[in-house]
Amino acid sequence: MAQVLDNLEAARAAAANNAWRAAHAAYGELDERSLGALDLETFAEAAWWSGKLEQAVGLRERAHAAYSAEGDELGAARMAITLSWDYEGRGSFAVSSGWLANAERVLANLPEAREHGRLVLTHGLTAMLAEGDYEKAEALFENASEIARRV
């Protein structure tokens, strides 16, 4: 048990210092089934920045499920937005849209938070890069910036 706690603390400390490969290695020594939502999210970041993209996406999906199970709606929305970006980058636009719709549903009834800004930013990036609608993108980026200042 002490070794597990040592590895968990080592993983968290490495992640806090953006030492992603060390964090990934330390998390890799743990039983993933024992990790809570935040550790799954952090493990996913460590996997992402260590070039383990497939693993990162899987961990983000598990983090989303864990946040949902814990009742952490902002965490679930954050993971849904991140997964939307992940799938959009792969060209899986329908899956990406599904994750984004999930985030929108969750955030619709919550007080304004930084996740709302990330959602608007995502819409702005889509308007700019996928739709070529620069005026719409500019307005969305301004809105995201205003949300960032407020929260």
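Contact here means heavy atoms within 4.5 Å. With that in hand, start with the whole chain on screen. This is a predicted model, where local features need pLDDT of at least 70 and side-chain atom pairs count only at pLDDT 80 or more, while totals for chains, interfaces and linings use all residues. Residues are numbered from 1 along each chain as its sequence is written, and side-chain values use heavy atoms, with hydrogens and water left out.

**The whole view**

Switch to cartoon: you'll see eight helices and zero strands. (Helices are DSSP runs of H or I, at least four residues; strands are runs of E, at least two; both are numbered from the N terminus.) The C-alpha atoms fill a box of roughly 55 × 30 × 25 Å along the principal axes. Among contacts between residues at least 6 apart in sequence, 42% join residues at least 24 apart. Of the 151 residues, 42% are buried, meaning under 20% relative accessible area with a 1.4 Å probe, protein chains only.

**The largest core**

Next, select Y27, L35, L40, L59 and Y67. In the largest nonpolar core, which has 18 residues, these touch the most other members. (A nonpolar core is a set of buried Ala, Val, Leu, Ile, Met, Phe, Trp, Tyr and Cys residues joined through side-chain atoms within 4.5 Å.) Helix 1 (2-16), helix 2 (20-28), helix 3 (37-49), helix 4 (53-70) and helix 5 each give two or more residues to this core.

Now zoom in on L59. Setting aside neighbours within four places in sequence, L59 contacts E32, L40, F43, A44 and A47. There's also a second, separate core of 12 residues, with V57, A77, L83 and L119 among them.

**Helix 5 meets helix 7**

Select residues 73-89 (helix 5) and 114-130 (helix 7): their axes come within 10 Å and cross at roughly 20°. Helix 5 is therefore roughly parallel to helix 7, a label for angles under 35 degrees. Axes are lines fitted to C-alpha atoms, for helices over the stretch in contact, and angles run from 0 to 180 degrees between N-to-C directions.

Show side chains for L74, R78, I81, T82, W85 and E88 on helix 5, then E115, R118, L119, T122 and T126 on helix 7; these make the contact.

**Last stop: T82**

Leaving out neighbours within four places in sequence, T82 touches R60 and R118. Finally, draw a C-alpha to C-alpha line from T82 to T122: they sit 40 residues apart in sequence and 9.5 Å apart in space.

Definitions and conventions:
Parallel < 35°, antiparallel > 145°, perpendicular 65-115°, else oblique. Buried < 20%, exposed > 50% of the residue type's maximum accessible area, 1.4 Å probe, protein only.
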